Amino acid sequence: MYQVKRISHSEFVPIRNLQYHVRVWGEPAPDKTPLVIVHGWMDVAASYQFVVDALSHDHYVIAPDWRGYGQTASGGVDNFWFPDYLADLDFLLDHYAPNSQVNLVGHSMGGNVAMLYAGVRPERIRRLVNLEGFGMPATTPDEAPGRYAHWMDDLKKLHRGEMALKAYDTVGGVARRLMKTNPRLGADKANWLAQHWAQQDAQGKWAILGDPAHKVAHAQLYRVEEVQAIYARISMPVLMVEASSDSMGQWWKGKFTLAEHHERLRVVPQLEIACVKDAGHMLHHDQPQQLAELIERFL
């Protein structure tokens, strides 16, 4: 079992009619800029434990479970809207850093949220680190009818129970599932993470702490022009961190490439790109020491 070096504690913060679960490492201090780290799709805040342990300095780290993940409830919704993540983050910063800037780190979906938030509220962010948050392929207006139909079809599948997440007989089963998804993840980290990624239910099964409604297709198209207009307002230094394994190539099969992503980033005024060696998309699990060093050097 992985041995934790820095102990976190849990806080529950009232945000937009939800009790948001927030994992906190360290203590606030006048000389510390809060380090806010947000997780990706089907992940949890505890996922950053390995990176926090690898940090060489004493940081005040704030990591929420997004709505419908971990110990934050979904609020009874049957699908999730991307703008809600930006608003939740805004309320979170009002709570933890009402009169100061923060350093913001986001992975994957969380990286996309962080980039958009940084363009909408640039005054709130001192420095931004985007971990594999690549955005989505460009869309065209003619795709809208099909997208809405897809969304409604997915909602029906959800309510028929066809999107339910698999439950596991043991926490070890969850750990094995994590290692199957990410072959670079060692058993020690998987066994530790499984206890935070899932929870035992009343029937004794280990249920994944992610609302299946997150699997419902987004109703609205991804509009690149809007995204780039937001990116162009990002005024703080940005570190784009990519894994050596081309996860975009695996996902999109040429529909959206790393070169296209880099082209979109050209509108960001202060941009640095770094690569984590021998890592896949879950680079915070694969190479936490490399990642911690990159983050601290940038901050």
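Which residues does Ser108 touch, not counting residues up to four places away in sequence? In this predicted model, Ser108 touches Gly40, Leu131, Glu132, Gly133 and His281 when residues up to four places away in sequence are not counted. Ser108 lies in the loop between strand 5 (102-107) and helix 3 (109-120), and its phi is near 55 degrees, a positive value in a residue other than glycine. Most residues other than glycine have a negative phi. With a relative accessibility of 12%, Ser108 falls under the 20% limit and therefore counts as buried.

His107, which is found in strand 5, likewise counts as buried, its relative accessibility being 2%. Leaving aside neighbours within four places in sequence, the contacts of His107 are Val38, His39, Gly40, Tyr48, Leu131, Glu132, His281, Met282, Leu283 and His284.

Lys253 is located in the loop between helix 8 (247-252) and helix 9 (258-264), and is exposed, with a relative accessible area of 67%, whereas Ser108 is buried. A further positive phi, near 50 degrees, belongs to Arg16 in the hairpin of strand 1 and strand 2, where two residues lie between the strands.

Eight strands form an open sheet in the order 1-2-4-3-5-6-9-10, and the pairing is mixed. Strand 1 (8-15) and strand 10 (271-276) stand at the edges with a single partner strand each, so that one side of each has no neighbour in the sheet. On average, and with direction ignored, neighbouring strands of this sheet are turned by 20 degrees against each other. Strands of a sheet pair through backbone hydrogen bonds, either parallel or antiparallel. Strand 1 and strand 2 pair in the antiparallel sense over eight bridges, with Glu11 standing opposite Val22 in strand 2. Strand 2 and strand 4 also run antiparallel, joined by four bridges, and here Val22 stands opposite Pro64 in strand 4. Strand 2 is mostly covered, seven of its eight residues being buried. Strand 3 (residues 35-38) and strand 5, in turn, are paired in the parallel sense over four bridges, and the bridge partner of Leu35 in strand 5 is Asn103.

Two helices were examined for their placement on the sheet. Helix 2 lies across strand 1, strand 2 (18-25), strand 3, strand 4 (61-64), strand 5 and strand 6 (125-131), and runs at about 115 degrees to strand 1. Helix 3 packs on the sheet as well, where it touches strand 3, strand 5, strand 6 and strand 9 (238-243), and its direction makes about 150 degrees with that of strand 6.

Two packed helices are described by the angle between their axes and the distance between the axes. For helix 2 (residues 82-96) and helix 3, the angle is about 70 degrees and the axes are 10 Å apart; the two helices are therefore roughly perpendicular to each other, and their crossing is right-handed. The contact is made by Phe82, Tyr85, Leu86, Leu89, Asp90 and Leu93 on the side of helix 2, and by Met109, Asn112, Val113, Leu116, Tyr117 and Val120 on the side of helix 3. By class, the residues of this contact divide into 10 nonpolar, one polar and one charged.

Helix 3 also packs against helix 7 (residues 224-231), at an angle of about 60 degrees and with the axes 7 Å apart, and these two helices are therefore oblique to each other. In this contact, Met115, Leu116, Gly119 and Val120 of helix 3 meet Val227, Ile230 and Tyr231 of helix 7, a set with six nonpolar, one polar and no charged residues. Leu116 and Val120 of helix 3 take part both in the contact with helix 2 and in that with helix 7.

Helix 5 (residues 171-181) has Gly172, Gly173, Val174, Ala175 and Leu178 as its buried residues. These buried residues pack against helix 6 (187-197), strand 7 (198-200) and strand 8 (206-208).

Definitions and conventions:
Residues are numbered from 1 along each chain as its sequence is written. This is a predicted model: local features need pLDDT of at least 70, side-chain atom pairs count only at pLDDT 80 or more; totals for chains, interfaces and linings use all residues. Side-chain values use heavy atoms; hydrogens and water are left out. Buried means under 20% relative accessible area, exposed over 50%, partly exposed in between (1.4 Å probe, protein chains only). Contact means heavy atoms within 4.5 Å. Axes are lines fitted to C-alpha atoms, for helices over the stretch in contact, and angles run from 0 to 180 degrees between N-to-C directions. Angles under 35 degrees count as roughly parallel, over 145 as roughly antiparallel, 65 to 115 as roughly perpendicular and the rest as oblique. A crossing is left-handed if the near helix is turned anticlockwise from the far one by less than a right angle, and right-handed if clockwise. Ala, Val, Leu, Ile, Met, Phe, Trp, Tyr, Cys and Pro count as nonpolar, Asp, Glu, Lys and Arg as charged, and the others, Gly among them, as polar. Two strands pair if DSSP finds at least two bridges between them.
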